[in-house]
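Please brief me on this protein model. Keep it short, and sort the points by topic.

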Amino acid sequence: FAATPTSYDYDAPLTEAGDLTEKFWAIRETVGKYLPLPSVPKDLVNVTEKGNYGKIQMHFVSTLLDSKGMLSRVRNISELPKTFEMLDQSYGFMIYETHISKLYTDPVLLSVPGISDRGYVFVNDHPVGILSRSEQIFSLPLQILPGQKLSLVVENQGRICLAAT
């Protein structure tokens, strides 16, 4: 596994900006052997002009956890955690939460052996650690008491791009 740092397939016939790639021309050539193709416009610009937007000033608005009511369309309550796929969530973040009802050993070991991406662990909305498939960190010692909220914010790190680049 390796994270693909783009929302687009590197091996696609078009780039994210809509520019035609070598693969596009190879596909066109192959199709042209079997079917008539329209001619390429003489004014075709294969590489589009990209914008230069300069510096953008960022201002703090809210934390992710404080904004979850605005950001989430659906809340799902279940006895066991559901995967992104089970909830038809193909990208972004998923927040798993529970309130602790009993006293555990101090520290208690939080173990999430099936995490497929990256999980940010919070106790009462305060960050306490990170779980990561890529770094092979699947457990974390925690100090947590009855009545406290345990949150795991899982970041979907994308799909695996299988093309050789």
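Predicted model: local features only at pLDDT ≥ 70, side-chain atom pairs only at ≥ 80, totals over all residues.

Residues are numbered from 1 along each chain as its sequence is written, and side-chain values use heavy atoms, with hydrogens and water left out. Helices (H or I, at least four residues) and strands (E, at least two) are DSSP runs, numbered from the N terminus.

**Nonpolar core**

- The largest nonpolar core has 15 residues. Such a core is a set of buried Ala, Val, Leu, Ile, Met, Phe, Trp, Tyr and Cys residues joined through side-chain atoms within 4.5 Å.
- Buried means under 20% relative accessible area, exposed means over 50%, and partly exposed lies in between (1.4 Å probe, protein chains only).
- The residues with the most contacts inside this core are L110, V121, L131, L142, I144 and L150.
- Strands β2, β3, β5 (139-142) and β6 (149-155) each give two or more residues to the core. The largest share, three residues, comes from β6.
- L150 has contacts (heavy atoms within 4.5 Å) beyond its neighbours within four places in sequence; among them are Y96, I100, L110, V121, L142 and I144.
- In soluble globular proteins, nonpolar side chains tend to be buried together.

**Nonpolar surface patch**

- I27, V31, Y34, L35 and L37 make a nonpolar surface patch of about 490 Å².
- Patch residues have over 30% relative accessible area and no salt bridge; like charges are joined within 9 Å, and nonpolar side chains (Val, Leu, Ile, Met, Phe, Trp, Tyr) within 5 Å. Areas come from the Shrake-Rupley method with a 1.4 Å probe; for residues, only the protein chains shown count as cover.
- Y34 sits in the loop between α1 (22-32) and α2 (68-71). Y34 is exposed, with a relative accessible area of 66%.

**Salt bridges**

- The structure holds six salt bridges. Each is a side-chain nitrogen of Lys or Arg within 4 Å of a carboxyl oxygen of Asp or Glu.
- Side chains of opposite charge can pair when their charged atoms come close.
- K23 pairs with D11, and their closest N and O atoms are 2.7 Å apart. K23 lies in helix α1 and D11 in the segment before α1, so the pair ties together parts that are twelve residues apart in sequence. K23 is partly exposed at 35% relative accessibility, and D11 is partly exposed at 30%.
- K50 and D19 meet in a salt bridge of 2.8 Å, N to O. K50 lies in the loop between α1 and α2 and D19 in the segment before α1, so this pair ties together parts that are 31 residues apart in sequence. K50 is partly exposed, with a relative accessible area of 47%, whereas D19 is buried at 8%.
- E97 and K68 meet in a salt bridge of 2.4 Å, N to O. E97 lies in strand β1 and K68 in helix α2, so the pair ties together parts that are 29 residues apart in sequence. E97 is partly exposed at 30% relative accessible area, while K68 counts as buried at 19%.
- A network of salt bridges links K68, R75, E97, D125 and K149.

- D117 lies in the loop between β2 (108-111) and β3 (118-123).
- D117 is buried yet has no salt bridge. The nearest side chain of opposite charge is R133, 4.8 Å away. Lys and Arg count as positive and Asp and Glu as negative; His and the chain ends are not counted.
- Apart from its neighbours within four places in sequence, D117 is in contact with L131, S132, R133, V154, E155, N156 and Q157.

**Backbone spots**

- The peptide bond from D106 to P107 is cis, with omega near 0°. P107 is in the loop between β1 (93-99) and β2.
- D125 has a positive phi of about 70°, although it is not a glycine. D125 is found in the loop between β3 and β4 (126-132), and it is partly exposed at 32% relative accessible area.
- Q136 has a positive phi too, near 55°, and is a residue other than glycine. Q136 lies in the loop between β4 and β5 and counts as exposed at 64% relative accessibility.
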